[in-house]
Structure formats: structure tokens, C-alpha cells
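Please look over the structure shown here before reading the comments.

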Amino acid sequence: MSRLKSGPESDWKMIPAPDQKNLPSSSASAAAVVPSETNALVEYSKPMLKEEEEDLEVKLRRIIDHVPVRVSNTSGSSAGSGSGDFHQYRQMRRKEQDRLARMDVDYQKRKEVAEFNARREERLKAAEERTAKKRLKRQKKRQKKKEKKNNSDVQAGDMNKESSTMSQDESSDGGSGDD
């Protein structure tokens with residue numbers, strides 16, 4: 001019994017055996033009884049599959065169920081080769097080579113499209129970063145221009161107030177500059 005593995009990685013589990021009186025006759029024949037030293041039944045449980053493996057298994061079963069198996073140009077049961085067998089072989093070989101060539105071309109096209117899209121995304125990302133940097137620079141320039149204008153307006157307003165107070169002071173002196 002040392003060959004039996006138990007644990008999370010194995011398919012076999014050790015469970016305690018119920019009393020022999022309570023065992024139904026069908027379950028006693030279905031499970032192998034271990035000698036009375038261990039007092040346990042050995043049960044087999046299906047291995048737990050990961051989700052990806054389950055999905056692949058489901059897809060494979062669906063393909064097997066729905067895709068017909070086509071066998072064309074099978075040879076007869078007679079012992080010798082006829083005069084047309086070589087031509088049939090050449091035709092089947094040519095069809096298979098064409099199919100493989102189409103698969104290669106399709107793979108190359110898909111690969112080129114994927115590489116092009118990756119390069120395109122990189123270029124668009126770089127262009128967007130440059131645009132964002134320039135946009136930020138323009139916004140800063142506009143903000144400085146606006147602040148400068150506001151500062152000059154404030155200073156001009158102060159100058160206007162000062163000049164208006166000066167003109168009011170002069171007018172309050174008597175109105176004439178000839179004293």
C-alpha cells in the first residue's frame with residue numbers, strides 16, 4: 001500500500017470506513033476494502049480541472065461531436081497498387097501542401113497585422129504624449145499672458161486712482177496753477 005499517494009495532488013483519498021454492518025451491499029462491491037489494519041476505504045475521485053482546461057475539454061468534445069470525419073480516395077482491399085494510385089497520392093499531397101501554404105500565408109498576414117497594430121499604438125501613444133506636452137506648454141503661456149494682463153490692469157487701475165486723486169488734490173487747491 002505504500003504506492004498509494006494521498007494528498008491534494010493525488011486522485012486517491014483515504015476516508016475512514018464505516019462499520020461493516022451499516023454498509024449496503026452495492027457500495028461494498030464498488031469500493032475496494034483495504035486490510036483491517038488501516039480501517040479505511042480507498043475511493044477514486046476525478047481530478048479537479050482548472051477552468052481553462054475545462055473550457056478546452058468542452059471545446060474539444062464539441063469539435064469531435066460536430067465535425068464530420070472525411071476520408072476520401074481510400075485504397076481498396078486488394079493487395080496491389082493500381083495505375084491510378086500514384087496520381088491520387090500526388091493529388092492528395094498537392095492539396096495538403098496548398099492547405100499548409102494557405103495556413104502559413106494566413107498566419108503571416110495575422111502576424112503582420114498584429115505587429116502593425118502594435119507599432120501604430122506606440123506611435124499614437126507617443127504622438128498623444130507630445131501633443132499633451134505642447135498643450136500644457138500653450139496653456140501655461142496663456143495663463144502667464146492672462147496673469148500679466150491682469151497685473152497690468154491692476155497696475156493701470158492703481159495709476160488711474162493715483163492720477164485721479166492727484167487731479168482732485170490739484171482741483172481742491174484753488175483750481176488755478178498761477179499762484
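The points below take up the basis of the model, then an aromatic pair, a charged patch and salt bridges.

1. This is a predicted model, in which local features need pLDDT of at least 70 and side-chain atom pairs count only at pLDDT 80 or more, while totals for chains, interfaces and linings use all residues. Residues are numbered from 1 along each chain as its sequence is written, and side-chain values use heavy atoms, with hydrogens and water left out.

2. A search of the whole structure finds 1 aromatic pair. The ring centres of F86 and Y89 lie 6.4 Å apart with their planes at 35°, so this pair is tilted; rings of Phe, Tyr and Trp (its six-membered ring) pair if their centres lie within 6.5 Å, with planes under 30 degrees apart counted as stacked, over 60 as edge-to-face and the rest as tilted. Both residues belong to helix α3 (residues 85-172), where F86 and Y89 are 3 residues, or about one turn, apart; helices here are DSSP runs (H or I, at least four residues), numbered from the N terminus. F86 is partly exposed at 49% relative accessibility, and Y89 is partly exposed at 47%, where buried means under 20% relative accessible area, exposed over 50% and partly exposed in between (1.4 Å probe, protein chains only).

3. On the surface, a patch of negative charge brings together E51, E52, E53, E54 and D55. Such patches are made of residues with over 30% relative accessible area and no salt bridge, like charges being joined within 9 Å, and Asp and Glu count as negative. Within this group, D55 is found in helix α2 (residues 51-66) and, at 46% relative accessibility, is partly exposed.

4. The whole structure holds 4 salt bridges, each being a side-chain nitrogen of Lys or Arg within 4 Å of a carboxyl oxygen of Asp or Glu. One of them joins E57 to R61, with the closest N and O atoms 3.4 Å apart. These two residues are 4 positions apart in helix α2, about one helical turn; E57 is partly exposed at 34%, whereas R61 is exposed at 53%.

5. R110 is exposed at 59% relative accessibility, while D106 is partly exposed at 37%.

Conventions:
Patches are made of residues with over 30% relative accessible area and no salt bridge: like charges are joined within 9 Å, nonpolar side chains (Val, Leu, Ile, Met, Phe, Trp, Tyr) within 5 Å. Accessible areas come from the Shrake-Rupley method with a 1.4 Å probe; for residues, only the protein chains shown count as cover. The place of a charge is taken as NZ of Lys, CZ of Arg, CG of Asp or CD of Glu.
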